[in-house]
Amino acid sequence: MQHRSSTLITTVIFDFDGVLADTEGLHLRAFQDIFATRGWNLDEAAYFDRYLGCDDRGLVVAYAHDHAISLTDADIRSMVDAKAHAFAGYMATGDVLFRGARDCVAELAGRYSLGIASGALHVEIVTILQAGRLLDAFRVIVGADDVASCKPSPEPYLTAAARLGVAPSACVAVEDSAPGLQAAQAAGMRTIGMTTTSPRHLLAGADRVIGSLQELSPALIEALGTAPRL
């Protein structure tokens with residue numbers, strides 16, 4: 001007989017790109033610019049279908065593997081650095097937070113501890129949150145450069161929970177990609193999928209699937225904490 005239990009949710013841990021920040025298109029453009037210098041092509045469909053959820057290094061390595069391209073560690077570092085520089089230039093052009101992000105974060109911060117576990121670089125996350133006047137709402141930020149293994153490894157979520165001083169079972173993760181959901185579930189967290197960058201069927205494994213931050217309410221999170229789970 002299977003045991004069912006429920007756990008009070010005290011903490012919300014957000015992915016960043018595609019959840020709080022509308023940055024996936026900017027990441028794609030930056031990769032396309034850098035790849036073009038080598039004669040490589042990365043189209044939008046391939047980016048969202050194959051590489052969404054990868055950190056920068058992981059995407060370069062996966063693309064090279066998929067296309068049987070041999071790269072040295074120096075090549076990879078050079079491309080990752082160049083992409084980060086290009087992305088920073090795009091970010092400087094304006095506010096990239098999703099509509100409703102500020103209201104959502106302000107409402108949740110009154111009831112939950114908030115953190116971020118992302119495949120983006122730490123400095124990129126901080127820069128965007130500072131520009132959007134949201135940095136102080138998050139007690140912990142875990143970027144790609146803060147962990148040894150990025151999603152779909154559970155390490156980013158486990159690290160965020162540990163730094164927040166809470167058990168993973170007391171957390172709900174908000175994700176926009178299948179690899180991100182896999183990471184959060186492997187960490188032992190409840191999950192909410194958001195269809196900003198992935199179709200609903202790819203997020204079907206989440207405990208709940210929503211269309212935007214406007215649907216991410218305290219009532220929804222509370223219901224996740226009281227619903228029985230296997």
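Reader: Why is Y63 called buried?

Author: Y63 has a relative accessible area of 4%. Buried means under 20%, exposed over 50% and partly exposed in between, with a 1.4 Å probe and protein chains only, so Y63 is buried. This is a predicted model, in which local features need pLDDT of at least 70 and side-chain atom pairs count only at pLDDT 80 or more, while totals for chains, interfaces and linings use all residues. Residues are numbered from 1 along each chain as its sequence is written, and side-chain values use heavy atoms, with hydrogens and water left out.

Reader: Why is the pair of W40 and Y63 called stacked?

Author: Rings of Phe, Tyr and Trp (its six-membered ring) pair if their centres lie within 6.5 Å; planes under 30 degrees apart count as stacked, over 60 as edge-to-face and the rest as tilted. The ring centres of W40 and Y63 are 5.2 Å apart and the planes stand at 20°, so the pair is stacked.

Reader: What makes this pair a tie between parts of the chain?

Author: W40 lies in the loop between α1 (24-36) and α2 (44-51), and Y63 in helix α3 (residues 56-66), so the pair ties together parts that are 23 residues apart in sequence. Helices (H or I, at least four residues) and strands (E, at least two) are DSSP runs, numbered from the N terminus. Both rings belong to one aromatic cluster, formed by F31, F35, W40, Y51 and Y63.

Reader: How many aromatic pairs are there by this rule?

Author: The count comes to 7 aromatic pairs. In one of them, F14 and F138 have ring centres 6.0 Å apart and planes at 85°, so that pair is edge-to-face.

Reader: How do you know that F14 is buried?

Author: The relative accessibility of F14 is 0%, so F14 counts as buried. F138, at 7%, counts as buried too.

Reader: What makes the charged end of R29 count as sitting over the ring of Y90?

Author: The rule asks for NZ of Lys or CZ of Arg within 6 Å of the ring centre and within 35 degrees of the ring normal. The charged end of R29 sits over the ring of Y90, 4.0 Å from its centre. The charged end of K83 sits over the ring of F87, at 4.6 Å from the centre.
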